[in-house]
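Subject: Structure handover

Hello,

Please find the structure below, followed by notes on what was found in it.

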Amino acid sequence: MSELKNDRYLRALLKQPVDRTPIWIMRQAGRYLPEYREVRAKAGDFMTLCSTPELACEVTLQPLRRYDLDASIIFSDILTIPDAMGLGLYFATGEGPKFERTIRTAADVEKLPVPDMNESLRYVMDAIRLTRREIDGKVPLIGFSGSPWTLACYMVEGGSSKDFAKIKGMAFDAPDVMHALLAKLATAVTDYLNAQIEAGAQAIMLFDTWGGSLSGPNYREFSLQYMQQIIAGLKKENEGRKVPLTMFTKGGGQWLSHMAEVGADALGLDWTTDISLARYQVGDKVALQGNMDPCVLYASPDRIEAEVKDILAGYGHGSGHVFNLGHGIHPTINPEHVAALVEAVHKHSMPYHQ
């Protein structure tokens, strides 16, 4: 593997000194880029794009050709694990991901296999290996997974949900079934992330997209404890470097003090959380990633720059901040506005590290 030329992102996650605040963008390889749409059309469908290592590598690298970013994230989907468990993932036009089969009973959970990650999901590992070779040490490569609770939401509901009635019904009325499913998923996610690390992922991101749908006690019972279990089971070093982990619960800003105790190196923040208050809450326990509202990118470059300055000032001086959006970039964003964002972070973050 090539020597890493820019380790700013990895250093910030470990709260080590950096010359400027690193930046990457959630869903940075995606539909807002015309070159992505070309490859997506060539692939024919989304899962073919995800499961063809050469295509996944190509779209992973596309944002790095446009922008001076400090990290890249492997192009994949959070629902690869339930798909490998045999639930039949497909994407309905305009409706998002759906499953042919759902999990509703103890017998359904019992029948679920824990996949061999280097067989069922070898295409992800091959994409990571290929991307590491092609990226040639320019920036680190991030691997990722959905959290057990988030994966379970899709598996029980059969797709996206507005009220999470089915999974919450299971959690409240059949908690033993719910915990059996979450425990099996925690084992699978741990195996999956360790396989990504062994394939060459230099940092890990755990996306708890639907953790914020729970109340505080239920969040700790059904989401946080399983993420803690995963973190405890992960390979901590590879290629002579620590492999840092960022945990992101969308809508979880009120639980940062609990989240900071489970062993993650960094916590992701959505835009509803004040970054200065977040830093005060977590102290020196973890780094923070975030947290500009993605919709600011619809505004003028001057307005984008002003928002960047506010967020940088909110975090303040010292390392431990990775600049990012508070969730994924929207497909209709102008790519030139992303360039303005990256330039503004470069321009205004250096004084905070002197």
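Asp 70 sits in the loop between helix H4 (53-66) and strand S1 (72-73), while Arg 8 belongs to helix H1 (residues 8-13), so the pair ties together parts that are 62 residues apart in sequence. Helices (H or I, at least four residues) and strands (E, at least two) are DSSP runs, numbered from the N terminus. Arg 8 and Asp 70 are also linked with Asp 19 in a network of salt bridges.

Please note that this is a predicted model, in which local features need pLDDT of at least 70 and side-chain atom pairs count only at pLDDT 80 or more, while totals for chains, interfaces and linings use all residues. Residues are numbered from 1 along each chain as its sequence is written, and side-chain values use heavy atoms, with hydrogens and water left out.

The salt-bridge count comes to 15. Another of them joins Glu 35 to Arg 66, with the closest N and O atoms 2.7 Å apart. Glu 35 lies in helix H2 (residues 34-43) and Arg 66 in helix H4, so this pair ties together parts that are 31 residues apart in sequence. Arg 66 is partly exposed, at 36% relative accessibility. Arg 65 bridges to Glu 58, the closest N and O atoms being 2.8 Å apart. Arg 65 is exposed at 55%, and Glu 58 is partly exposed at 27%.

**Strands S2 and S3**

Strand S2 (residues 89-92) and strand S3 (residues 96-99) run antiparallel and are joined by four bridges; strands pair if DSSP finds at least two bridges between them. Ala 92 stands opposite Gly 96 in S3. The hairpin has three residues between the strands, and Gly 94 takes a positive phi near 75° there.

**Largest pocket**

The volume of the largest pocket is about 1,500 Å³. Its lining has 43 residues, with Arg 27, Arg 31, Phe 46, Asp 77 and Phe 91 nearest the centre. H2, helix H3 (46-51), S2 and S3 each give two or more residues to this lining. A pocket is an open set of points on a 1 Å grid over the protein atoms alone, where a 1.4 Å probe fits, with protein on both sides within 12 Å along at least five of seven lines; lining residues have an atom within 4 Å of a point. A volume is the space filled by probe spheres set on the points, which are joined across faces, edges and corners.

Regards

Conventions:
A salt bridge is a side-chain nitrogen of Lys or Arg within 4 Å of a carboxyl oxygen of Asp or Glu. Buried means under 20% relative accessible area, exposed over 50%, partly exposed in between (1.4 Å probe, protein chains only).
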